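Me: I would like to learn how to read the features of a two-chain model, going from whole chains down to single residues. Could you take me through them one at a time?

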Amino acid sequence: MSMRAAAALTRASWRTAKSYRVSFVLSFVSLLVTIVPVYFVATALQPFMASVIAEEGREYFGFVLLGTALLALVATALSSFAASVNGGLGSGFFEALLVTPTPLSSLLLGQTGYAFVWAFARVILLFVVGIWLGVDVHWLRLPEALLITVAAVAAHAGLGLIAAALVVSFRTNATLPQGLVAVSTILAGVYFPTSVLPPVLARFAEWLPLTPALRALRQSLLLGFPMSAIAADLARLVALAAVCVAVGTLALRWAFSYARRSGSLSQY
Amino acid sequence: MTLAADTTEGTPREPSAEAPLVRVVELWKAFPAPRSLRDVLRQPFGPPVPVVVDVSLDVHAGEFVGLLGPNGAGKTTLLKMLATLIVPDRGTATIAGHDVVSDAAKVRRVIAPVLASERSLYWRLSARENLELFAALLRLTKDETASRVDDALDVVGLRDTGRKMVGQFSAGMMQRLLVARALLGHPRVLLLDEPTRSLDPTAAHSFRSFLREELAARRRCAVLIATHRTEEAFELCDRVVVMNRGRVAAEGQASTLGETLMGSRYAVWTLEPNHAVLAELVTSGRARRVAARSEGDGRWWRVDLEIEGGDDAARDVLRSLVSSGVSVARFERVTAPLGELIERAIGRSARR
């Protein structure tokens, strides 16, 4: 792994994004414009939602804010690998990268680094606005929250690697990232807790990495639960992350090996 | 995949001065044929289509070798196998003694492929920033990066525009930047895939001169260039390998192979395409008339002749025309179309 190479690629993407100044500024503005109406809607729904979300938080706005923020991060982890590989293969840029001595892991990290940094920046901004609007956060639980976030991102990055492997092998991601984001948005408890789902769907939702991640994150940051109280969800999340990363890494390795044999790594 | 000549009990070593930097021995690659869904359902594993068939060639340091062939001849696939992007099915390929399959990482340290198009550059970054990025990928130190980026920009004539955004470059400048990017790692082998495809004739000519003087003559790189332009192959290269349908149809020194395959074709621009002296040249066997067509305003004609015997014989023909009072506006040697050249190469190899 060459961190210098990864950092150079991330910096190049950052410089490119920065060169589109209007779009760069507007993306921050749009985030603020989106979150303010959510605040008013959440405040209006607070009387009805208070009892429903009681196991994961007291204020519905804080509940939704954390759901939205983590969903943004995992959506990036799911889609950025496949998107970067797809774009790079189409333009020939990936071919130019692959003939350098830099390892594939550094190339992928560098190619997606900016997307992750940008997603984290937007999440931090969301938090700042959320706190300004009155979200009550237990700051002492920040280390647990960071651990949960890293595990959630890792689990979804593993699934993202599988999507990238599909792109490398078959030039399509079979809408895996979009499908997973849609399913997670509906079933994993982003806008409402999984306890309101029918039992069958609730059981299925437990297999989505976002479900234990969101529950543990809210319980630690919004309710101040200690590590021991969220240990079961965290353990489940870490196990899912380990499996997803292992499968994703193997799938991508196999895909590149297959592509080098079949010629699908480049146009022919 | 085994190492070729430059091995001692399986351990790669640096080749001697005489050993080729690129050695390809009976390389073979086949790809699955594109088929309709019905065919795939009927027979899921159809026979693959050979794209590179038993190709062998050597390229030495300082040598410029052209791979000439029509689209689909297998040139790009061959270059991509040497660039470690495609794994061969059979045969061996070594670069500076390193096998392209088992020692791919070592091969990448000595080669610089220019296979990708200008879309593989960051258009919103400057030329310098693009090169600095690749310097990091090539693991150059900061000091090396500064000096090599300056050198590379200097060599390709982009030093003054190094801080300009690449999106504002012309196609020729982008092509030069791709070569500058390839030169950053001080490669020993360059693999160029149709490097003049997006250039106008003048820019292409000057770019070819640059390639020849800088890469082969000054840097002593072994250069393998794929092209479908006959004049490019014979003007630029020391040696030409003509490929057709994945096979080597002909190979040899550019000067002699050009003579053998193209014959010696000359074009005469004249007002009298049916002048008696032209007919006499043909009947006496000094020239063979290939074609004649009206040019421009219809008064002038271009007559294509094949003249055996090289430039001396051509000079005699011209002298005969002029001394007989034929109006000659232009007399020049021309290259045969690629299709004709390949037909001749195939015919020649069939006769042997």
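Reply: What follows is a walk through the chains, a sheet, the salt bridges, a loop residue and a surface patch. This is a predicted model, in which local features need pLDDT of at least 70, side-chain atom pairs count only at pLDDT 80 or more, and totals for chains, interfaces and linings use all residues. Residues are numbered from 1 along each chain as its sequence is written, chains are lettered from A and ligands numbered from 1 in the order in which they are written, and side-chain values use heavy atoms, with hydrogens and water left out.

Me: How many helices and strands does chain A have, and which pattern do they follow along the sequence?

Reply: Helices (H or I, at least four residues) and strands (E, at least two) are DSSP runs, numbered from the N terminus. Chain A has ten helices and zero strands, and along the sequence its pattern reads α-α-α-α-α-α-α-α-α-α. The radius of gyration of chain A is 20 Å, close to the 18 Å from the globule rule for 268 residues, so chain A is as compact as a globular protein of that length. Here the radius is taken over C-alpha atoms, and the globule rule is 2.2 Å times the number of residues to the power 0.38. The C-alpha trace of chain A spans about 60 × 45 × 30 Å along its principal axes.

Me: What percentage of the residues in chain A count as buried?

Reply: Buried means under 20% relative accessible area, exposed means over 50%, and partly exposed is in between (1.4 Å probe, protein chains only). Of the 268 residues of chain A, 53% are buried by that criterion. For contacts, defined as heavy atoms within 4.5 Å, residues 24 or more positions apart account for 77% of those in chain A with a separation of 6 or more. The accessible surface of chain A is about 11900 Å², and 74% of it belongs to carbon and sulfur atoms; such areas come from the Shrake-Rupley method with a 1.4 Å probe, and for residues only the protein chains shown count as cover.

Me: What are the corresponding values for chain B?

Reply: Chain B contains twelve helices and 16 strands, and its C-alpha atoms fill a box of roughly 70 × 55 × 50 Å along the principal axes. Buried residues make up 51% of its 352 residues, while 72% of the contacts in chain B with a separation of 6 or more are between residues 24 or more positions apart. Chain B exposes about 16000 Å², of which carbon and sulfur atoms supply 50%.

Me: In what order do the four strands of the open sheet in chain B lie?

Reply: Strands of a sheet pair through backbone hydrogen bonds, either parallel or antiparallel. Two strands count as paired if DSSP finds at least two bridges between them. In chain B the order is S4-S3-S6-S7, with antiparallel pairing, and the edge strands, S4 (48-59) and S7 (98-99), each pair on one side only. Strand S3 (residues 22-32) of chain B is joined to S4(B) by eight bridges, and B:Pro32 has B:Pro48 as its bridge partner in S4(B).

Me: Which residues form salt bridges with A:Arg215?

Reply: A salt bridge is a side-chain nitrogen of Lys or Arg within 4 Å of a carboxyl oxygen of Asp or Glu, and the whole structure has 24 of them over all chains. A:Arg215 meets A:Glu206 at 2.8 Å, N to O, and also bridges to A:Asp233, with the closest N and O atoms 2.8 Å apart. A:Asp233 lies in helix H10 (residues 227-262) and A:Arg215 in helix H9 (residues 210-221) of chain A, so this pair ties together parts that are 18 residues apart in sequence. Both A:Asp233 and A:Arg215 are buried, A:Arg215 having 16% relative accessibility.

Me: Where does the salt bridge between B:Arg319 and B:Asp316 lie, and how is it spaced?

Reply: The side chains of B:Arg319 and B:Asp316 meet at 3.0 Å, N to O, and the two residues are three apart in helix H11 (residues 310-323) of chain B, separated by about one helical turn. B:Asp316 is partly exposed, with a relative accessible area of 35%. Elsewhere in chain B, salt bridges link B:Arg128, B:Asp150, B:Asp154 and B:Arg159 in a network.

Me: Is A:Val137 buried or exposed?

Reply: A:Val137 is buried, at 10% relative accessibility, and is found in the loop between helix H5 (104-132) and helix H6 (142-170) of chain A. Not counting residues up to four places away in sequence, A:Val137 touches A:Ile131 and A:Leu221. The C-alpha atoms of A:Val137 and A:Leu222 are separated by 5.4 Å, although these residues are 85 apart along the chain.

Me: Which residues make the nonpolar surface patch?

Reply: Patches are made of residues with over 30% relative accessible area and no salt bridge, like charges being joined within 9 Å and nonpolar side chains (Val, Leu, Ile, Met, Phe, Trp, Tyr) within 5 Å. A:Val22, A:Val25, A:Leu26, A:Val29 and A:Val33 make a nonpolar patch of about 450 Å², and A:Leu26 is found in helix H2 (residues 21-49) of chain A.
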